[in-house]
Every structure is written in C-alpha cells, then in structure tokens.
Amino acid sequence: MGFGKGFRRSEKGFTGLEAAIVLIAFVVVAAVFSYVMLGAGFYTTQKSKQVVDTGVKQASSSLTLDGQYIYLNCTAAAGGSTGSDGKVGQIYFYVTQTAGGSPVDLNKTSIAITSAKGYKQVFYNETNSKDWWWYESIVGDKDNVVEMNEKYKITVNVTAPGWNNGIGDLKPNDVITIEVRPPIGAPLSITKQLPPSFGNLTYV
C-alpha cells in the first residue's frame, strides 16, 4: 500500500533530457506552423497583386491618340467626295503607347466604328481586312507592336464593302465613334462630329 503511494508521487524519472526533448518538440511544431502561415500569407499577397495588376491592365487603355485630330481623306482617289454633300473616303490618325501602358500588338487588334446608321467591328487579321484598315510605323522599329516612344499611323478605308454595309457613308455633320480595341486593356475611344463640308483633306 505504501509502495504504490510512493510510486504515484515520485517525479524523479522526469529528467532534464526529457524536458529538452519536449521543448524542442514545441519549437519544431511552432516553426512548422509559422512557416505554413507565412507561406499562405505570401501566396495570398501574390495572388492579390496579380488580380490588381490584371484589373489595372483591363481597365486602362494602352493606346492614346497622338495629337487631338483625326484626318478625313475625301479625295476621289480615296473613294470620297468633297463639299456639303460629300462623303469620307478614308480616315487616318496617329497613336502612341500610354505612359505605363502595355505594348499593343496591332495584328491582334480590332477597330470598331459607330455611326447613326449602324456599327461595324473589324479585326486586323480577318479575311480582306487589310483592305479595310491598316497601320504604318512612323517612329519606331517598324514591327507590328506599339511600344514606348513609338508612333503609328492607322488608316481606315470606310468605303470598303465591309465598313459600308455596317456604318453607311460618312457624311457632313455625322457623329462617329472610332474604337481601337487591343487584345488586352480598354479601347481607345474617339468621338467626333464631322464638319458641315469636306475638303480634300479635313481634320476634326
């Protein structure tokens, strides 16, 4: 009876080595838990940054109009005509990359035009679309990508059948909206009211 009572109260078997092992186990468990929590935090932060970056790219335009004008070619050679009852043959304008914007591949870009008579969108790589709109490198490395400090001229042949069937003839006093839509990012939107009379080359 006394032997059992003494055995239950004895703590001499709990040595310093066992205490160290228990302490090390606590430290290891705490370290693993901290690593897992930090890893999850870093992963969440990285994903959040990616979401924000993607949102900014989608919401902001990478192209801007170089200058404030678009140019109307109303010559007979371009398919247009002049005067108060004239029509636009071709439209051209200049674009550059916005500050902080992403490079824009014009081969994967589309142009959409809205007029009072209708709407039409044409991708550059569509069949025959190179007769409907095209681009020319004015300042840069002459490739198909608009990059920082580069300038491109975009020409739209609005008398081509593909456009004319959608938006009709563009006449004096018409209000038109031209959208240059890159593969990533918001479109460059240009809204203009055409003048009451056309010359061979008119800018608005």
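Two strands are taken as paired if DSSP finds at least two bridges between them, strands being DSSP runs (E, at least two residues) numbered from the N terminus. The model is predicted, so local features need pLDDT of at least 70 and side-chain atom pairs count only at pLDDT 80 or more, while totals for chains, interfaces and linings use all residues. Residues are numbered from 1 along each chain as its sequence is written, and side-chain values use heavy atoms, with hydrogens and water left out.

Strands S5 (residues 110–115) and S10 (residues 175–181) pair in the antiparallel sense over five bridges; Thr114 has Thr177 in S10 as its bridge partner. Both strands belong to an open four-stranded sheet with antiparallel pairing, in the order S6-S5-S10-S11. Because S6 (118–123) and S11 (188–193) stand at the edges with a single partner strand each, one side of each is left without a neighbour in the sheet. The twist from one strand to the next averages 15°, with angles taken between N-to-C directions, from 0 to 180 degrees, of lines fitted to C-alpha atoms.

Eight aromatic pairs are found in the whole structure (Phe, Tyr or Trp ring centres within 6.5 Å, the six-membered ring for Trp; planes under 30 degrees apart stacked, over 60 edge-to-face, the rest tilted). The rings of Tyr124 and Tyr135 have centres 5.0 Å apart and planes at 40°, so this pair is tilted. Tyr124 lies in the loop between S6 and S7 (133–139) and Tyr135 in S7, so the pair ties together parts 11 residues apart in sequence. One aromatic cluster is formed by Tyr69, Tyr71, Tyr92, Tyr94 and Tyr203.
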